[in-house]
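Here are a few notes to read alongside the model, written as numbered points. I hope they are handy when you open it in your viewer.

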Amino acid sequence: MSLILKGVMQSTVTPLKDDFSIDLPTFEKLLDFHVRTGATAISWPHHKGESLNLTMAERKACAEVAVKVVAGRVPVSIHVSSLALEDTMELARHAQKIGADAIIAVTPYFWRPTIEAMYDYFLWLGTSIDLPLIAYNSPHHQGAAFMGDLTRRLSEKLPNFIGMKDAGFISEKFVEVARVALAMRPTFAMIAGVEFLAPSVPLGGAGSYSSAGAICPNLCLQLYDACVAGESAKARELQYKLIRLWDLFRDQYPSSLKGGMVLMGRPVGPTRPPLPTATKERQEFIAGELKDLGILDTEPHGW
Amino acid sequence: MSIFTPGLVHTPVTPFTRENKIEFDTFEKLIEFHLRNGTEALAVSTHDGESVSLTDEEQRTLIEFTIRKVKGRVPVIANASDSGTAIAAARARHAESAGAAAIVATVPYYWTPPPAMLVEHLAQIGGAVKIPFFVTYAPGEVVGPKLTNDIVLKLIDRLENFAGLVDASQDWQFMISMILNAKRKRPEFQLLTGVEYMVSAGAVGATSMFSSLAGVAPGLVRRLYDICRREKYFEARKPQEEISELRQVVKGPGFAGLKGAMRAMGRDCGETRRPVMPLGAAAFEKLAAELNALAILRDEPRGWQIT
């Protein structure tokens with residue numbers, strides 16, 4: 001059960017047709033695009049993949065497609081978080097059945113669970129399946145956060161607890177989880193939720209679940225390489241470029257990201273309500289930014 | 001205006017007597033301790049120094065006293081933060097006339113003014129002086145209005161002396177986006193970290209660090225700062241983790257833990273003022289025992305080290 005994650009990992013958006021149904025052929029092309037442009041792992045469907053707006057049947061069907069298309073070239077993890085934890089468990093068991101390499105699960109929605117409740121939940125999930133488990137910490141959205149002590153207790157009980165996606169982006173919180181987790185398990189993967197690599201890699205960060213990889217995979221890889229090489233000045237400049245992209249995409253994520261993909265010749269359709277779809281005007285604004293960043297000239301266009 | 005880079009800034013606590021008055025003799029010893037243990041600037045009457053529990057007159061006296069005792073050996077930075085705009089601005093003006101090198105100020109206490117008034121509040125404090133002006137952002141300490149990129153950019157337009165932002169939010173999204181956009185408007189604008197998490201802050205461009213733990217473990221703080229200034233962030237990971245561990249212990253019992261830790265290191269600065277409850281005997285013993293168990297403190301100075 002040893003799966004070591006590192007590098008720039010891609011969580012794929014979910015391509016939709018104009019009628020909002022899932023566009024499977026485009027999903028297959030996108031998975032393949034990510035693998036060919038340097039993704040060290042694929043993960044689907046994060047919130048960026050509109051997970052909560054998909055039915056259980058859709059999530060299962062697409063998970064099967066992801067495993068089949070990636071075909072062992074890189075590890076595939078399935079994001080199993082659902083409002084009802086019974087659904088989460090069903091998706092986790094399904095992921096194992098179809099041959100996924102890992103599951104990833106966020107702290108529970110809505111309830112703002114106590115630390116004890118989070119411990120109980122992750123223990124239940126982790127002991128119920130025979131797959132590596134990545135915890136997903138999203139304190140700004142969930143109102144509940146991982147701390148060092150919870151991480152330590154789960155690591156003691158769960159040999160399959162191999163990593164954490166951190167979407168807190170707060171120095172102290174990151175250090176406190178990383179120092180505990182890495183001392184217990186040196187291959188534990190602390191993965192920055194989007195491309196915050198300059199502040200995290202020196203602290204033991206393993207890489208990122210990319211947000212901009214569908215737009216500019218080269219830039220994402222350059223940032224990771226600069227961070228790992230300890231090229232601080234270069235890493236900082238690249239991080240500044242990527243924050244401009246994140247500032248473009250973060251509101252109503254992934255609406256603007258999908259809008260930007262149109263400009264890169266990789267259209268993936270609208271975003272399901274209640275999230276808006278990027279308008280023509282929004283796309284024009286994004287085009288201006290991408291041009292200013294030089295991305296239109298330096299990154300792959302089309303599939 | 002020439003660029004003032006504060007560097008490693010120690011933020012001393014404010015010692016009190018049993019009668020709850022500022023203990024100036026001890027404060028003088030504390031100033032000397034900080035000067036001898038690696039500080040490059042002193043920030044006085046900060047939140048770590050219980051500024052919010054000091055009267056206006058006490059804050060003015062503390063600044064004057066500090067400047068008199070430091071005698072120009074390092075720059076002295078004065079905090080001028082208050083609820084009322086005019087009160088804070090007058091305090092800033094006083095600090096400048098007393099010889100402060102720079103002013104720091106945070107968002108108003110209690111009030112949550114609309115963004116335009118928040119800009120006005122900070123612009124009036126900064127505009128009251130000619131010396132460099134820094135804004136402190138500590139959303140974990142101040143329940144109040146949020147600082148945004150937009151507010152920072154508007155302040156840059158308003159104030160020639162707005163030199164930088166002291167960030168204690170530790171929020172990577174805010175720090176990176178803010179410094180990038182601010183530097184595009186004012187290239188010499190600085191990001192400073194208000195807490196001892198210099199690895200991430202330095203990696204994204206922070207030039208300076210404010211430290212309260214320097215009163216407890218100045219050697220460790222200095223080591224972290226120096227390695228980060230050389231941009232050896234992988235090398236800095238170990239001291240960063242050590243400081244983080246120390247910080248968890250010190251803040252375990254709450255804000256009073258800082259003075260408890262000072263006392264445990266042989267530098268008794270008295271108790272905290274109301275409404276921060278002092279550590280009881282049992283809480284102090286527990287804290288002291290936890291600090292004693294930290295191997296990283298073995299090489300740190302005990303007592304006042306006055307020779």
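1. A word on terms before the sheet: two strands are said to pair if DSSP finds at least two bridges between them. By that rule, strand β3 (residues 76–79) of chain A pairs with β4(A), as 3 bridges join them and the two run parallel. One such bridge partner couple is His79(A) with Ile104(A) in β4(A). Please keep in mind that this is a predicted model.

2. On its other pairing, β4(A) runs parallel to strand β5 (residues 133–137) of chain A, with 4 bridges. Here Ile103(A) has Leu133(A) of β5(A) as its bridge partner. The chain passes from β4(A) to β5(A) by way of helix α4 (residues 115–128) of chain A, in a right-handed β-α-β crossover. A right-handed β-α-β unit is also made by β3(A), helix α3 (residues 85–97) of chain A and β4(A).

3. How much of strand β4 (residues 102–106) of chain A is buried? The count is 5 of the 5 residues, so the strand is largely enclosed by the rest of the structure. In a regular strand, side chains alternate between the two faces of the sheet. In β4(A), Ala102(A), Ile104(A) and Val106(A) point one way, while Ile103(A) and Ala105(A) point the other way, and all are buried.

4. Ile103(A) turns up again in the largest nonpolar core, which has 191 residues. Ile103(A) is listed there among the residues with the most contacts inside the core, together with Leu133(A), Leu223(A), Ile77(B), Ala92(B), Ala100(B) and Ile103(B). Setting aside residues up to four places away in sequence, Ala100(B) touches Ile63(B), Ile67(B), Val76(B), Ile77(B), Ala78(B), Ala95(B) and Ile131(B).

5. Now for the contact between the chains, to which chain A gives 21 residues and chain B gives 23 residues. On the chain A side, the elements that supply two or more residues are α7 (171–184) and α9 (232–249). Of the elements on that side, α9(A) gives the most, with 7 residues. By type, the chain A side divides into 11 nonpolar, 5 polar and 5 charged residues.

6. Where is Thr272(B) placed? Thr272(B) is in the loop between α10 (256–264) and α11 (281–292) of chain B. Beyond four places in sequence, Thr272(B) is in contact with Glu50(B), Phe255(B), Ala256(B), Lys259(B) and Pro278(B). From Thr272(B) to Asn20(B) the C-alpha distance is 8.6 Å, although they are 252 residues apart in sequence.

7. Ile31(B) is counted as buried because 22 C-beta neighbours lie inside 10 Å. Leaving out residues up to four places away in sequence, Ile31(B) touches Pro12(B), Leu42(B), Thr66(B), Lys69(B) and Val70(B).

Conventions. Residues are numbered from 1 along each chain as its sequence is written. Chains are lettered from A and ligands numbered from 1 in the order in which they are written. This is a predicted model: local features need pLDDT of at least 70, side-chain atom pairs count only at pLDDT 80 or more; totals for chains, interfaces and linings use all residues. Two residues are in contact if their C-beta atoms, placed from the backbone, lie within 7 Å. Ala, Val, Leu, Ile, Met, Phe, Trp, Tyr, Cys and Pro count as nonpolar, Asp, Glu, Lys and Arg as charged, and the others, Gly among them, as polar. A residue is buried if 20 or more other C-beta atoms lie within 10 Å of its own, exposed if 12 or fewer, and partly exposed in between; C-beta atoms are placed from the backbone. A crossover is right-handed if, with the strands pointing away from the viewer, the path from the first strand over the helix to the second runs clockwise. A nonpolar core is a set of buried Ala, Val, Leu, Ile, Met, Phe, Trp, Tyr and Cys residues joined through C-beta atoms within 7 Å.
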